[in-house]
Amino acid sequence: MQTVIYNYTTKPESPVCSGSFNARDLRFSRAMIFGIEEINNSTELLPGIKLGYQIYDVCSSVLIASHAAFELLNRQDPVFYKDGNCSNSGAVVAVVGASGSTPSISLSRIIGSFNIAQVSHFATCACLSDKQQYPTFFRTIPSDQFQADALAKLVKHFGWTWIGAVRSDSDYGNYGMASFLAAAQREGICVEYSVSFFRTDPRSKIKTVADVIRRSTATVVLSFTATGDMTVLLEELAKDPPPHRQWIGSEGWITDPFLMRYSFCAGAIGVALQKSVIPGLRDFLLDLAPAGVAASSVLTEFWEDAFNCTLTENVIPEKKVCDGTEDIKTLKNPYTDTSQLRATNMVYKAVYAIAHAIHNAVCQETSVTPQCSKTTKLEAKQVLTELHKVNFSRNGYPVSFDANGDPVAFYELVNWQKSEGGVIGLVSVGYYDASLPRGQEFHVNWNIIWVDGSTQVPVSTCSQSCSGGTHKVLQKGKPICCYDCIPCPEGEISNTTDSPDCFPCPSELWPNAQRDACFPKPVEFLSYDEVLAIILAAFSVSGACLAIITAAIFFHHRTTPIVRANNSELSFLLLFSLTLCFLCSLTFIGAPSDWSCMLRHTAFGITFVLCISCVLGKTVVVLMAFKATLPGSNVMKWFGPPQQRMTVVLFTFIQVVICTVWLLLSPPYPMKNLSTYKEKIILECALGSAVGFWAVLGYIGLLAVFCFVLAVLARKLPDNFNEAKLITFSMLIFCAVWLTFIPAYVSSPGKFTVAVEIFAILASSFGLILCIFAPKCFIILFQPEKNSKKYLMNKN
């Protein structure tokens, strides 16, 4: 690399362009000339005033663009019109261009200081919307900020969350990609890699970028590049084509027909400037004769490059001399291709925008035709001011600028589709209109052909979507699009795809097996149609029947000694209470209700106290009977039948009072138990007042213990048939049952709590009836010889 040293004694040489001829930029300049000539021939726009122009080739170079800007400002080259008839020669009021963002930035920084308006047709960098830095910059092409938003919405629309990104290492690529990455982040899109390059980079760097694309897991690649850069990249990829990659293109390259020769890019999709029609432009472009071409160095270079001949004899010996038979109408290159006028229309609109601004500055509208002053000295600042106000349509395409100097963004969505002959062509498949309400800007037709020739949208995700019943858990050290699908924990669901969290079901609902929906929890209670309930009910009814049968036997043999000797009145009352005890267990079966909850506990408490009171009475009778046999004892008169009845009534009344207070203050009530089981509801009776419940049980236990103690004291009395022994056994069973009931009741879950209580009632009731009445019934029915007074009086 050679370093140039300036000694400031001689004038440096002007910078020159290098590289191949750009036919598309020639079409841009010719479209500008076409627009100026239309305006100069118009009777409505600037009538009587001719616009002049000077064209510079900045060669996509900042240095050359700056040189051209200084030449304009120093007026070294006069502004001219082709017939040389200018009344205000040299007055530069506006600039059209440049074709790139980087040259436009340098150009704007120079001419902006002099309030000279700049209207670019192809500089899209979002940075140029900053009016503090570029106050005189306008453009007819949308800012890359709109393009980045459109591309992000495009990627989101097709469900691609894992993509690769390449960009030109220039203001266009770097600013454009920065805008896209910000928009992609808002849309929840992850970028696996983002690499940059420039067409002049060493081949090793281009190869590195190509290898990144080949090795990536993302099947979608977004390219924010200029045409020249994309050409270099695709040439490198063509040496070893990568696996199928779905290309998404920016407007900088997606419409370039030269790039469509790379077949592995078929199916590419991207945003493009709106395809336009400019009447008369094609004829103007083709109106080139060899004589006119020879007068222009630029056209000469184009002609010689297009037809591979020379217009000057013997300048290039190896080239043939153009013989005049060359026909530009048969030429196929970017200059003559007017089928896809996109950026060219931006040049055309820029010319008309400046013309309208000048018109508004020097012309006055009248009822007939506008009157324009030819003597008014036009200042550049006037044009700048009027440019902010222009609002017109040309060939059906609107032209206006917002506060940032940007037009309303409108993009076509285009798709590279391969024809039956294998030729790739450009097909419009939708549009993006930033002027529409939010959420309606994007419209896509579904006649898209994708990278592999399929009509199915390709998939590009880091992780598969999480179905309902699972939630996303991010993978450590990776972007948010890379995650694992973890099943929802117990009791929680997710009913949307890719849910970030699971949420619990309401208290009375529970997830299904897939954990993607909540359903009502099954309600559990001891129902009559359950086997356990049927068994307990059968025992309950059987016990009641047994008590009734025993009572019938006793009633039939009521005159026999064994019945009379055992206090028949208390025996019948005890059998009645036992019948109620057996039947009260039925109130514990079935769905709890207000009345059943109150009945089951009070009926149980009162009937058992009645039962224990009778047993206690019988025990006292046995003790008193023994005392009565002692000489001089008169005790039985104090505990005769009236006293026995009063004792039973008194003990039972106390329990009735306890139950009444309980029911009045805080009665039992039905409730849904949601805490014992997470997956089901236990329908049970709440105690209301735990003190009332344990008072009822405690009173029963107190009577049972007292009865047990008395029975133990009387168990060895010298009687041939001492009922105290039977009562002792019955109370022993009763106490054992209810002592084991308490921990079992507290620890049993759900409906088994009720089953334990029923079992305790039945077990204690059967213990009483079997221990007290079974031996007597056996003697009555099967050993009638022992049912005699002689046998009972036998002291043996």
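Visitor: Which hand does the link of C597 and C685 have?
Guide: The link of C597 and C685 is left-handed, with -85° about the S-S bond. A disulfide joins the two residues, S to S 1.9 Å, the term standing for a pair of cysteine sulfur atoms within 2.5 Å.

Visitor: What should I know about the model before we go on?
Guide: It is a predicted model, in which local features need pLDDT of at least 70 and side-chain atom pairs count only at pLDDT 80 or more, while totals for chains, interfaces and linings use all residues. Residues are numbered from 1 along each chain as its sequence is written, and side-chain values use heavy atoms, with hydrogens and water left out.

Visitor: Back to the link, then. Where do C597 and C685 lie?
Guide: C597 is in helix 16 (residues 594–628) and C685 is in strand 26 (residues 681–686), so the pair links distant parts of the chain, 88 residues apart. Helices (H or I, at least four residues) and strands (E, at least two) are DSSP runs, numbered from the N terminus.

Visitor: Is C597 buried or exposed?
Guide: C597 counts as buried, at 0% relative accessibility. Buried means under 20% relative accessible area, exposed over 50%, and partly exposed in between, with a 1.4 Å probe and protein chains only. C685 is buried too, with a relative accessible area of 12%.

Visitor: What about C584?
Guide: C584 is in no disulfide; the nearest cysteine sulfur belongs to C581 and is 5.6 Å away.

Visitor: How many disulfides does the structure hold?
Guide: The structure holds nine disulfides. One of them is formed by C190 and C481, with sulfur atoms 2.1 Å apart.

Visitor: Why is the disulfide of C190 and C481 called right-handed?
Guide: The torsion about the S-S bond of C190 and C481 is about 85°, so this disulfide is right-handed. C190 lies in strand 5 (residues 190–197), and C481 is in the loop between strand 18 (470–474) and strand 19 (483–487), so the pair ties together parts that are 291 residues apart in sequence. C190 is buried at 4% relative accessible area, and C481 is buried at 5%.

Visitor: Could you give me one more disulfide?
Guide: C363 is joined to C372, S to S 1.8 Å. With 105° about the S-S bond, this link is right-handed. Both C363 and C372 are buried.

Visitor: Now for the rings. How many aromatic pairs are found?
Guide: A search of the whole structure finds 24 aromatic pairs. Rings of Phe, Tyr and Trp (its six-membered ring) pair if their centres lie within 6.5 Å; planes under 30 degrees apart count as stacked, over 60 as edge-to-face and the rest as tilted.

Visitor: Why is the pair of F34 and F284 tilted?
Guide: The ring centres of F34 and F284 are 5.4 Å apart and the planes stand at 50°, so the pair is tilted. F34 lies in helix 1 (residues 23–40) and F284 in helix 8 (residues 281–286), so the pair ties together parts that are 250 residues apart in sequence. F34 is buried at 9% relative accessibility, and F284 is buried with a relative accessible area of 14%.

Visitor: What does the pair of F539 and F766 look like?
Guide: F539 and F766 form an edge-to-face pair, 6.4 Å centre to centre with 90° between the planes. F539 is in helix 13 (residues 531–556) and F766 in helix 20 (residues 751–782), 227 residues apart. F539 is partly exposed, with a relative accessible area of 45%.

Visitor: Which residues do ring pairs link into a cluster?
Guide: Ring pairs link F34, F284, Y348 and Y352 into a cluster.

Visitor: And where does the charged end of K472 sit?
Guide: The charged end of K472 sits over the ring of Y483, 4.8 Å from its centre. Such a contact requires NZ of Lys or CZ of Arg within 6 Å of the ring centre and within 35 degrees of the ring normal. K680 lies over the face of Y677, at 4.2 Å from the ring centre.

Visitor: Last topic: what is the order of the open sheet of three strands?
Guide: The order is 24-26-25, with mixed pairing; two strands pair if DSSP finds at least two bridges between them. Strand 24 (523–524) and strand 25 (669–673) stand at the edges, each with a single partner strand, so one side of each is left without a neighbour in the sheet. Strand 25 and strand 26 pair in the antiparallel sense over five bridges.
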